[in-house]
Amino acid sequence: MDRIQEKLIILADAAKYDVSCSSSGSKRKNAGGIGDASSSGICHTYTEDGRCVSLLKILLTNHCIYDCSFCVSRKSNDVERAAFTVDEVVELTMNFYRRNYIEGLFLSSGIFKNADFTMERLMRIVKKLRTEERYNGYIHLKTIPGASEELIKEAGLYVDRMSINLEMPTEKGLKMVAPEKDHDSVRKPLAFVQNQIQELKSESKLIKSKPLFVPAGQSTQMVIGATPENDLEIMSVANEFYQNYNLKRVYYSGYIPINNENALLPQIGSQPPLIRENRLYQTDWLLRFYDFKLDEILNPSFTNLDMDIDPKLGWALRNPHFFPVDINKASYQEIIRIPGMGRQSAMKIVKSRKFGKLHEYQVKKMGISFNRAKYFMICADTKMQLGELAPLKVKSLITATSKSKYKSSVPSNQLSLF
């Protein structure tokens, strides 16, 4: 057991750089076995930025045939190596679950020998958990780039979510730090899994009972700040992947320097701020849930997000002609564009105004950031109209009173994932 613990320390530490492990959206039901994965997410606790904290998160191995400059497991790096057997991962998962340490498994791996050799072992682990251990809990599996479609298809029958890392946002950036890799090896598996999901959906109209295949969908991850892409390039790639592969999430991981060997990579002390990650996630949210188009937020004349204000406020200040929005008359789509206004609050406003005009004291109780929103909306008793203050003045008033959880004595440092 001492050797298993030693492997766990090494391979859990090596897995911490992969942040795309949030669990949600699974519909797998307990059919008499052990565990459950519900549609609302299987975890009791999440970190502030949405990362799940109750998954067993490990690599099958940190041996790798590739030498990616940004990766701690690259073959030229002088780190202690380890590898689990199939049975060891299965035993760890079941023992941890029975002790209530975890409620799911996030399994990734370095690539040893070749893609199929590694993928075959990953597939055997998830298959054994489902068929022999009758484990029904959440499983997130990382697909190995270049693995055969047959192995991916079989693995997809036993997992809830699959993902494959894009690594760098652009092909050019990827070649700078990982010349042996390319984006096609990521696009092909994503397209294959998406096609399989669509085929099963179409067959469900003809077949009463169909097998589950990646019920929680797919995700990917991009490393931000290791190569010189601007925010427009990053979000253009994310937007394309959402549209073409119907991804559940794109994760943006700020580059964490692990060595000083490659002059092309940022060095220690020039880490990207965590706030850039946050701004990209906020932009991602606007595109997916607030009906914004990418060219409204980022375009060739505005290629990088503001770091001092969120992207919705930035858009509002650049488009004063859209405001003020009369919340007693405007549509839901117009109301959710007000800075400081969330979707639930906007829906409360739309429903509440059926019973009478809304005043400021009522809107303040609906969970909006009123000190931000007040410059962009009109209530029944609003006195000041937008236009009386210039956008730059509005910005200075908002930033002067705002409190950011990212402000610290060292605001430019990437925070630790653990």
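Modeller: The largest nonpolar core has 58 residues, and those with the most contacts inside it are Met222, Tyr252, Ile335, Ile338, Phe376 and Met377. A nonpolar core is a set of buried Ala, Val, Leu, Ile, Met, Phe, Trp, Tyr and Cys residues joined through side-chain atoms within 4.5 Å; buried means under 20% relative accessible area, exposed over 50%, and partly exposed in between, with a 1.4 Å probe and protein chains only. The model is a predicted one, in which local features need pLDDT of at least 70 and side-chain atom pairs count only at pLDDT 80 or more, while totals for chains, interfaces and linings use all residues. Residues are numbered from 1 along each chain as its sequence is written, and side-chain values use heavy atoms, with hydrogens and water left out.

Helices (H or I, at least four residues) and strands (E, at least two) are DSSP runs, numbered from the N terminus. H7 spans residues 231-245 and contains Asp231, which is buried at a relative accessible area of 1%. Leaving aside residues up to four places away in sequence, Asp231 touches Arg276, Leu280, Leu298, Thr303, Asn304, Leu305 and Met307, where contact means heavy atoms within 4.5 Å.

Ile338, one of the core residues with the most contacts, touches Lys312, Phe323, Val325, Ile327, Ala373, Phe376 and Met377, again without residues up to four places away in sequence. Two of these partners lead to further features. Lys312 is among the buried residues of helix H10, together with Pro311, Leu313, Gly314, Trp315, Ala316 and Leu317. H10 (residues 311-318) is mostly covered, seven of its eight residues being buried. The cover over these buried residues includes helix H8 (274-289), helix H9 (294-297), helix H14 (370-373) and helix H15 (391-401).

Phe323, the other partner, is joined to Pro324 by a cis peptide bond, with omega about 0°. Pro324 has its place in the loop between H10 and strand S7 (325-326). Most residues other than glycine have a negative phi, and most peptide bonds are trans. Val214 has a positive phi of about 45° although it is not a glycine. The loop between helix H6 (184-203) and strand S5 (218-224) holds Val214, and this residue is buried, with a relative accessible area of 2%.
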